[in-house]
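This briefing is meant to be read alongside the sequence and the coordinates.

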Amino acid sequence: MKLESIELINYKSIGTEDSKLIIEPGITTIIGMNESGKSNILMGLSQVSFTESNKDFFKNENCNRNVNNTEEMRITAYFKKDVNDPYNCEKATAIEISKDYYKISGGLTIYYDKYIKNDANNLYGLLRKMPYNMGQSDKELFLKKIQCLKNDDLNIPNILKCIKYLKDLDSKFKNDNDQIKTLLNKVDKEFSQIAESLPIFHYRNSNKILKSKYTIDEIKTANQKTDLIIDFLKVIGFSKEELISSITSQDRITITKRGAIQKSIQNNINRPFEKFYNTETISLGLEYMPNKTIEFTITSDDDNNMSLSERSNGLRWYINHYIDILANDLENKKVIYLLDEPGVFLHINAQKELLNLFKDLCNSEKGNQVIYTTHLPSMLDIEETGLHRIRAVKKDSDGNTHIFKNAYDQRVTGEQSQDTIAPVLQAIGTSATYGIYPVAEKTNIVVEGISDYIYITTIFNKLDLNISEFNFIPCTGVKNVVNICSILLGWGCKFIALLDYDSAGIQEAAQLKDKLFLELNHNYIFVSNVSNEDIEEQKTFLNTPFVIEDLVGKEYIEQYVQTNEESKSYGKKLKAKMLCNEIEANTINIPDKTKENFQGLYDRIILVQKLLNEEE
């Protein structure tokens, strides 16, 4: 089953309102200012299990300080059908867990009633006859254990523990009842399939890494929680003591042991890593240095051998993560990876590698998911996936964390909004200085880029056109217009998107229409005054496109360039800025045609603004 959402009721700073985290089928990003509760969400999820006891989650110290007892803490998870399930649930499934109960409802119970319940009841009936020769106290425990086979709440953790208990008991007493053996094995298989379909939450400590070099003392004092070399040794099947002895001794047995360690690295890490990391073929190696230290190395396709420290942070993160997966036996399981601020200390290129790794993890046939927190714009994959998979987190004045379904909910506004939304704004190509925040008394004009912003605001002002009721928002390209409009729509702001009349502008207009249900000359217009007939039937944008430079006058811009030799090397933004500086300084005049074009644009904006005001 694919986890669709989960509520953590009264866990740490999370209360009862806005406590549901909507989880994407692939990658979910959580943003928010420091101390807003992002880490609490991940830590809470890391203590949730659908197949084992959740006693760590329900510890007294985890209860929200506004709640007096742990009984009010609750976990509720919602699952939808997944094509990778070994069975076909007819509808969605919900699992509710508290300190005192575990309940399943929906599709999984329907499946249980149809295909498993009869076997479980028959097994329970046979076991009630006490087929094992045991003492009275053991009988009481036995009867208590098997009761879960008759419980319609489907307490999966208890049922799995019961099955293990029964299989151990069956082996211990050498039961010869073939009917019990057959039914026990069948029920075991059926519930194991259900358990395998339920995801495992795995919290990845990004600070837990494999260092390039280790001294003997560093190996001796290495800690499971902070140093990945412990997991590395687990994966290759050697102990600390065996690794240390391979460093300190020089006899033939030591040389043989070193070879065995290297062979195990090759078999247990390098070979399977080839399927996990497709960028290049690399081999992790171990070199023994004269000063009784070891150094991890990487050999690439071209036989170039380098220290692990000399390779990119992105590759090292891949290796660390893969060793972590192997050490925790996650390779063939359905996993939801929890990552708190990954990539903080990585170069921007390495951060992009991380985003690719997240996609690789989610492409697993097991249907893995990734949830990560960040405050870095470079760790938001806006261009490919848009804003829909980003969740904003905010803490209220009482200290309770609120989880929002998107990054542009108008409740995210207020004094914390700039810190919360700043990474998104920077990633989609704007900033708080351009007035992206709700301004109830103004109409937001969303333009494609900085040059559009410079031309329009400068010439409108120069023509003494009143723009005091407008709030201009420049993007960094037409593809970001729909993202900005999504934010403004979510915040309930009046806005008008202004697009170039070219193929790119038409494509973005289609996005505004299809995703946000906006209409031409209502919430978006083109720099050229065109109709739906021009767009859909005549398709004039193909043969006679009209962009912001046409509105200004390409001949006018070219005339400025020809009289300013230095401006020939300027880019589009700088050229607009320098030309408008000349306009503001009255050193060049605005052509009548340019004035006419901008007056016409202004009039159309005023007309649309009037329509928006009438709708309020």
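By class, how many nonpolar, polar and charged residues does the lining of the largest cavity have? The lining has 7 nonpolar residues, 1 polar residue and no charged residues. The model is a predicted one, and the points below are grouped by topic.

**Enclosed space**

- The structure holds 1 cavity of 30 Å³ or more, and the volume of the largest cavity comes to about 40 Å³.
- Lining the largest cavity are Ile-269, Asn-270, Phe-273, Ile-282, Leu-284, Ile-319, Tyr-322 and Ile-323, with α10 (252–276) and α11 each supplying at least two residues of that lining.

**The largest pocket**

- The largest pocket contains about 950 Å³ of space, and of the 33 residues that line it, Ser-49, Thr-51, Glu-52, Pro-199 and Ile-200 are the closest to its centre.
- Two or more lining residues come from each of α5, α6 (178–197) and β7 (200–204), and the largest share, 6 residues, is that of α6.
- By class, the lining of the largest pocket is made up of 10 nonpolar, 11 polar and 12 charged residues.

**Nonpolar cores**

- The largest nonpolar core has 61 residues, and Ile-6, Phe-50 and Phe-191 are those with the most contacts inside it; helix α5 (residues 156–172) gives the most to this core, namely 7 residues.
- Apart from this core lies another, of 55 residues, which includes Leu-228, Phe-296, Tyr-322 and Leu-361.
- Leaving aside residues up to four places away in sequence, Phe-50 touches Ile-6, Ala-77, Phe-79, Ile-95, Ile-97, Tyr-102, Ile-156, Pro-157, Leu-198, Pro-199 and Phe-201.
- Ile-159 is found in helix α5 and counts as buried because its relative accessibility is 2%, which falls under the 20% cut-off.
- Ile-159 touches Cys-148, Leu-154 and Phe-191, again not counting residues up to four places away in sequence; the C-alpha atoms of Ile-159 and Cys-148 are 6.0 Å apart in space, while the two residues are 11 apart in sequence.

**Strand β10 and its partners**

- Strand β10 (residues 293–299) has 6 of its 7 residues buried, so the strand is largely enclosed by the rest of the structure.
- Strand β8 (residues 213–215) pairs with β10 in the antiparallel sense over 3 bridges, and within this pairing Thr-215 stands opposite Thr-293 in β10.
- Strand β9 (residues 283–288) also runs antiparallel to β10 and is joined to β10 by 6 bridges, with Thr-299 in β10 as the bridge partner of Ser-283.
- The hairpin of β9 and β10 has 4 residues between the strands, and in this hairpin Lys-292 takes a positive phi near 60 degrees.
- Strand β11 (residues 305–307) is antiparallel to β10 and joined to β10 by 3 bridges, and the bridge partner of Thr-297 in β11 is Ser-307.
- A hairpin is likewise formed by β10 and β11, with 5 residues between them, and Asp-303 in the turn has a positive phi of about 65 degrees.

**Individual loop residues**

- Lys-12 lies in the loop between β1 (2–9) and β2 (20–22) and has a phi near 50 degrees, a positive value in a residue other than glycine.
- The relative accessible area of Lys-12 is 29%, and Lys-12 is therefore partly exposed, a class that spans the range between under 20% and over 50%.
- Asp-329 is placed in the loop between α11 (313–327) and β12 (335–340), and although Asp-329 is not a glycine, its phi is positive at about 55 degrees.
- Asp-329 is classed as exposed because its relative accessible area is 51%, where the cut-off for that class is over 50%.
- Asp-502 is found in the loop between β18 (495–499) and α17 (503–516), yet Asp-502 counts as buried because its relative accessibility is 19%, and the cut-off for buried is under 20%.
- Beyond residues up to four places away in sequence, which are not counted, Asp-502 touches Phe-541, Pro-545 and Val-547.

Conventions. Residues are numbered from 1 along each chain as its sequence is written. This is a predicted model: local features need pLDDT of at least 70, side-chain atom pairs count only at pLDDT 80 or more; totals for chains, interfaces and linings use all residues. Side-chain values use heavy atoms; hydrogens and water are left out. A nonpolar core is a set of buried Ala, Val, Leu, Ile, Met, Phe, Trp, Tyr and Cys residues joined through side-chain atoms within 4.5 Å. Buried means under 20% relative accessible area, exposed over 50%, partly exposed in between (1.4 Å probe, protein chains only). Contact means heavy atoms within 4.5 Å. On a 1 Å grid over the protein atoms alone, a cavity is a set of points where a 1.4 Å probe fits but cannot get out, and a pocket is an open set with protein on both sides within 12 Å along at least five of seven lines; lining residues have an atom within 4 Å of a point. Grid points are joined across faces, edges and corners, and a volume is the space filled by probe spheres set on the points. Ala, Val, Leu, Ile, Met, Phe, Trp, Tyr, Cys and Pro count as nonpolar, Asp, Glu, Lys and Arg as charged, and the others, Gly among them, as polar. Two strands pair if DSSP finds at least two bridges between them.
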